[in-house]
Amino acid sequence: MRQGQPADRSDKLPTRFARALLEVAMQKPLASARPLVNIFHTFIFFGFSFYLLVNVVDVLEAFVPNWETIWQGPLADGFNLLADLFSVFVLVGMLFFLHRRFITKPKVLEFNSNVLLHPGVAAGGVRRDSLIVGGFILLHVGSRWVGSALQLAEAGGPDPWLPTASILLPLFTEMEPGLLEQTIRATWWLALGLILLFIPYFPRSKHIHLMVAPVNLALRRETPRGALDAVQDPAQPGSTTLAGLPWPQVLDAFACIMCTRCHEVCPAHESGTPLSPSALEINKRYHINAHATEVAASGARQNMLEYAISPDAVWSCTACYACVQICPVGNEPMHDILELRRSLVFDGKMPDELGEVLRSLDEQGNSFGESNRRRSKWTRKLNIKDARKEAVDLLWFVGDFASFNQSCTATTRKVAEVLTAAGVDFGVIRKGERSAGNDVRRVGEEGLFESLAEQNIELLEKCEFDRIMTTDPHTYNALKNEYPALGGEYEVVHYSTLLVELIEGGAIQLEQPLAGNATFHDPCYLGRYNGIYDAPREVIERCGLALVEMPRNRENSFCCGAGGGQIWLNDHDDMTQRPSEMRIEEALSVGVSRFLVACPKDMTMYSDAAKTSGHEEEIVVEDIIDLVHSAMGIEGVAA
Amino acid sequence: MKIAVLLKMVPDLVEELEVDSTGKALDTEELKFKLNEFDDHALEEALLLGGEEDEVVALALEGEGNEKLLFTALAKGASRAVQLTGVQPGGSGEQATAFAAALAESSFDLILTGVQSVDDREGQLGPLLAARMGLPCVSVVTGVSVTDGGATVNKEYSGGVMAEFEVTLPAVLGIQSAQQPPRYAPVSKVRQMQQTATIESLTVGGAGGGAESEVTAMAPPEVGASAKMLDDAAALLEVLRGEGVA
Ligand code: SF4
Ligand code: SF4
């Protein structure tokens with residue numbers, strides 16, 4: 001950790017730890033996925049926590065004379081009962097996990113075959129580690145449990161406070177007293193001796209998570225999810241080594257329990273690319289373990305692209321935040337990837353097609369390589385105010401896709417028509433607008449992001465407005481969460497929120513409600529990053545449609561595959577199915593024929609996916625504004 | 001080895017071009033400039049040729065945006081950047097004279113420039129420069145490899161015919177395309193260069209350019225009669241019948 005880069009997580013330490021411990025006690029970090037697994041984990045967690053006390057009592061019992069007389073009465077009975085029950089909890093829980101890891105072997109525990117693995121991991125290190133840890137827990141708890149049954153046999157009968165041990169009792173009643181005595185000793189030594197034996201292995205094993213996870217959770221990032229860390233050293237941005245990562249991201253490797261939850265939700269892994277956020281953390285850990293002595297010197301400076309993650313994997317990430325959100329121990333594999341990208345881009349190592357797009361963003365201010373003057377082409381015949389010339393209540397930051405992309409501009413026009421019909425005083429800044437730079441930052445081009453942001457901020461300074469509105473969640477995120485650090489502080493509102501406001505205030509009258517049902521896709525940068533889940537749903541329901549949720553919804557939403565700059569990159573050769581196509585199938589599986597989006601990029605992604613997956617006839621992709629537009633009965637103006 | 005690369009800014013064709021009130025030139029008010037794409041290829045080829053020991057020097061005439069251009073060349077890996085001052089940028093002949101004066105002072109092995117540019121369609125800069133300096137010149141080059149005392153260059157003729165030339169060094173080469181697409185210079189790095197690196201400046205006399213061609217009129221192309229889209233074969237037949245063809 002000391003090799004890592006500084007990061008300040010030392011504010012409000014007591015609160016941070018109190019909150020983390022409370023969350024751990026409630027097992028809250030696990031809650032968002034895998035319910036069955038969580039129940040068994042909870043068994044083990046409580047059982048094992050209680051065993052801390054059990055072990056202390058066992059040692060006292062052995063070494064304190066007359067312990068039996070001191071330690072009795074209701075307290076001892078209660079303790080025995082708990083110890084007895086928790087033993088079974090742990091044993092059952094552990095058997096469940098070992099069965100899962102070794103017998104049922106769910107596919108999610110495996111890595112795509114093209115994922116870079118540390119040699120130790122490739123040799124089955126994770127399974128061996130699971131076996132050692134599992135075996136330790138089984139033997140440790142099991143022998144104590146058997147031990148207490150033996151003690152009952154010695155005492156001569158069952159004890160209502162040791163119900164499960166009493167069930168075992170008949171096995172031992174026939175035993176000779178001498179042998180009994182010796183076996184009791186053996187179980188005691190086995191239970192406690194194992195701990196001594198296990199201690200040296202403990203820090204290297206996944207079991208260390210029970211110490212590191214709470215610390216990691218306590219010290220987690222408290223800045224908005226959508227704001228990336230500033231570059232530490234502008235002369236060498238990002239990092240390709242452990243030593244160059246902020247230290248909490250080095251700690252992540254020790255907190256990792258190798259559960260693979262993160263890659264289960266990862267759109268890149270799911271679609272067959274060589275990226276597994278889980279493998280990244282595990283590889284880091286194996287590297288540190290293998291080089292424990294030299295990590296301080298050279299190991300921490302070895303290029304992570306050699307042992308932790310392949311360059312192709314780095315370029316497969318959609319920066320969707322799913323892995324960070326789901327990780328029960330608060331790890332941030334995505335942030336490692338983004339640091340790697342910063343470093344790669346600085347050294348000019350990136351896919352060719354990305355260089356092209358960055359060049360046009362630099363030269364033209366948009367990712368389409370078009371003259372920025374054509375940015376307002378879609379406004380033709382709509383009579384929209386120029387916010388550079390007159391004051392407006394609402395400054396509409398349109399964003400690249402909504403302005404240039406042909407499958408989006410019809411939607412963009414509808415937004416304008418709805419706002420006009422609702423009497424909103426709004427304007428756009430036409431060719432003055434540059435890409436907000438959200439995804440530029442996420443491909444790692446920090447300098448270009450700053451340059452775009454500075455140009456936008458400079459122009460916005462000169463405009464008079466109350467709020468900024470945008471339909472693009474990526475733009476929304478940059479303006480809201482990242483511009484403040486560069487001096488641009490605005491009140492930013494997403495159109496979904498604005499629509500709810502206008503409907504509730506009566507400015508929008510939905511006189512011709514629609515009928516039928518529909519599903520809604522939560523855009524990553526609206527939902528997971530910025531917590532806006534209800535507004536678009538409210539709009540949909542107000543327009544008269546019945547909302548049917550897909551299995552992966554709200555914070556568990558599945559990325560369309562376009563984020564983090566992927567929309568500019570070619571699909572990886574190994575891609576088996578595009579995330580957007582999987583999502584269309586997911587929507588069909590809940591029996592809807594309307595797929596609703598609230599993001600211009602989603603409009604292009606999903607209209608394409610509906611076509612390429614051959615479901616164009618069965619499902620139509622619409623923007624929430626389409627609903628409002630038709631429920632208001634607006635007659636559009638032809639462009 | 002010492003390689004010089006000549007860079008210049010040209011109007012960005014992504015923008016709509018307008019002719020100014022003289023009717024002889026573009027309206028520069030509304031223009032946006034960018035690096036000539038062939039010069040970008042020349043720079044890329046130079047960077048690919050240049051090894052650890054070699055020196056790649058980027059040169060540009062003084063002008064708006066040229067500093068950023070030179071910092072970008074440094075960010076991509078050029079060893080030095082030089083801006084030529086004291087010249088009124090004019091046609092290719094004047095530019096060739098200015099560059100020749102600048103290059104005469106140091107001994108370069110290779111001088112690379114873009115084969116042409118939107119304001120020099122004939123690609124005169126390379127040949128004129130070579131003539132002024134008394135050096136051999138090959139244009140429309142798509143590949144260079146340096147041999148002992150010379151270079152082997154590939155030249156592309158129209159129709160996809162390729163030729164291979166041996167040239168003695170020093171030589172001037174007009175580059176059509178580099179062996180790799182020109183690299184992207186991260187803005188982070190350009191900004192860093194702007195803070196840490198310096199651009200050398202070299203004053204060259206404003207010697208004349210010799211014979212120049214003169215623009216007498218400039219106008220956007222005539223828009224032809226608009227095309228009509230037909231829906232199906234029947235409509236096509238109808239048109240043909242109307243014309244008396246079928
Ligand atoms: S951010 Fe999304 S795409 Fe990237 S590693 Fe995490 S889950 Fe996968
Ligand atoms: S990073 Fe988190 S989610 Fe991923 S394997 Fe490790 S503990 Fe599980």
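This is a predicted model: local features need pLDDT of at least 70, side-chain atom pairs count only at pLDDT 80 or more; totals for chains, interfaces and linings use all residues.
## Basis

Local features need pLDDT of at least 70 and side-chain atom pairs count only at pLDDT 80 or more, while totals for chains, interfaces and linings use all residues. Residues are numbered from 1 along each chain as its sequence is written, chains are lettered from A and ligands numbered from 1 in the order in which they are written, and side-chain values use heavy atoms, without hydrogens or water.

## Shell around ligand 2

There are 13 residues around ligand 2 (a heavy atom within 4 Å). Cys256(A), Cys259(A), Thr260(A), Cys262(A) and Cys327(A) come nearest. The helices α11 (261-264) and α13 (277-290) of chain A each supply at least two residues of this shell (helices are DSSP runs of H or I, at least four residues). By class, the shell has eight nonpolar, three polar and two charged residues; Cys counts as nonpolar and Gly as polar.

## Interface of chain A and chain B

Chain A gives 25 residues to the contact and chain B gives 19 residues (heavy atoms within 4.5 Å). About 1800 Å² is buried between the two chains, 43% of it from carbon and sulfur atoms (accessible area lost, 1.4 Å probe, summed over both parts). Phe346(A), Arg359(A) and Arg373(A) supply 33% of the area that chain A buries against chain B, more than any other three residues.

Six salt bridges cross the interface (a side-chain nitrogen of Lys or Arg within 4 Å of a carboxyl oxygen of Asp or Glu). Arg373(A) and Glu15(B) form a salt bridge through their side chains, at 3.6 Å, N to O.
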